[in-house]
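Below are some numbered remarks for a colleague who is about to look through this model.

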Amino acid sequence: MAMDDVYIKLELTTVYGKLAGDPAMPLVLGLHGWSQKNGWQTWEPLMEPLAGAGFCVVCVDMPGWGKSAAIDSLPLSGMRAVSVVIDIMNGLQKKTAVLMGKSWGGGVAVQTAVTYPERISGLILTAPALRDLDQLQRLRKPVLLSWAEDDPVIPIAMAEKYVTAVPGLTFLGYPHGGHSAAQHNVQDFAPHAVHFLNQIQQAE
């Protein structure tokens, strides 16, 4: 399946990303981790299967990563990152989205869903990095969470805090996958993700 370049104009910068699927279909927006090794490619293994299932999948370089120029010299964290996510959705002319987030991007995804619950339909997370775990108490969206037992960055034991705090969360643990459990186990994970997205669409 072909992927198209997208350039999403924000107020202070332009965000680069890749798009797979029909732009008119429900949006799945992929957010990467903090390391400069991350970018839109973080979720590339999921793009084709999710687009093939009838979703518009957009994975971006957040401002300051890859081909997206930084907004300024300040770190893109907290509510600044949340605002960028909402601006990206507005730039794509989408009122709602399911967010896919890895590590730092997973934490941003949770913060966005808590802050703008009317804009976020659900979350697909792999080893999310969330500093304020109290936010989980306010999260009332469907969540599909994956983690690997050999994650060298955030131990899989952290997943229990999500499972305990978030009602109805679906958890998939894998023996291997490092800090990218969903992507490195895509053959198993993708069908679960498609089922998860279809359930959200049926409920809306």
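In what order do the eight strands of the open sheet follow one another, and what is their pairing?

1. The coordinates come from a predicted model, and the points that follow should be read with that in mind. Within it, eight strands make up an open sheet with mixed pairing, and their order is β1-β2-β4-β3-β5-β6-β7-β8. The edges of this sheet are formed by β1 (4–9) and β8 (170–174), each of which pairs on one side only. Between neighbouring strands of the sheet, direction ignored, the turn is 20 degrees on average.

2. Within the sheet, strand β3 (residues 27–31) and strand β4 (residues 56–61) run parallel and are joined by four bridges. In one of these pairings, Leu27 has Cys56 of β4 as its bridge partner. Helix α3 packs on the sheet, where α3 touches β3, β5 (97–102) and β6 (120–126), and the direction of α3 makes about 160 degrees with that of β6.

3. Helix α3 (residues 104–115) also packs with helix α2 (residues 78–91), at an angle of about 75 degrees and with the two axes 9 Å apart. Because angles of 65 to 115 degrees count as roughly perpendicular, α2 is described as roughly perpendicular to α3. On the α2 side the contact is made by Gly78, Met79, Ala81, Val82, Val85 and Ile86, and on the α3 side by Trp104, Val108, Gln111, Thr112 and Thr115. Sorted by class, this contact of α2 with α3 has seven nonpolar residues, four polar ones and no charged residues.

4. Ala81, which lies in helix α2, deserves a separate remark. Its relative accessible area is 0%, so Ala81 is buried. With neighbours within four places in sequence left aside, Ala81 is in contact with Met62, Leu76, Trp104 and Val108. By comparison, Ala81 and Met47 are 34 residues apart along the chain, and their C-alpha atoms are separated by 22 Å.

5. As general background, nonpolar side chains in soluble globular proteins tend to be buried together. In this model the largest nonpolar core has 45 residues, of which Leu29, Val58, Met62, Ile88 and Leu123 touch the most other members. Not counting residues up to four places away in sequence, Met62 touches Leu31, His32, Ser68, Leu76, Ala81, Val84, Val85, Ile88 and Trp104. There is also a second, separate core of 29 residues, including Leu50, Val57, Leu172 and Leu197.

Technical notes:
Residues numbered from 1 in each chain as written. Predicted model: local features only at pLDDT ≥ 70, side-chain atom pairs only at ≥ 80, totals over all residues. Heavy atoms only, no water. Axes fitted to C-alpha atoms, helices over the stretch in contact; angles between N-to-C directions. Helix = DSSP H or I, 4+ residues; strand = E, 2+ residues; numbered from the N terminus. Parallel < 35°, antiparallel > 145°, perpendicular 65-115°, else oblique. Contact = heavy atoms within 4.5 Å. Nonpolar A, V, L, I, M, F, W, Y, C, P; charged D, E, K, R; others polar. Core = buried A, V, L, I, M, F, W, Y, C linked by side-chain atoms within 4.5 Å. Buried < 20%, exposed > 50% of the residue type's maximum accessible area, 1.4 Å probe, protein only. Pairing = 2+ DSSP bridges.
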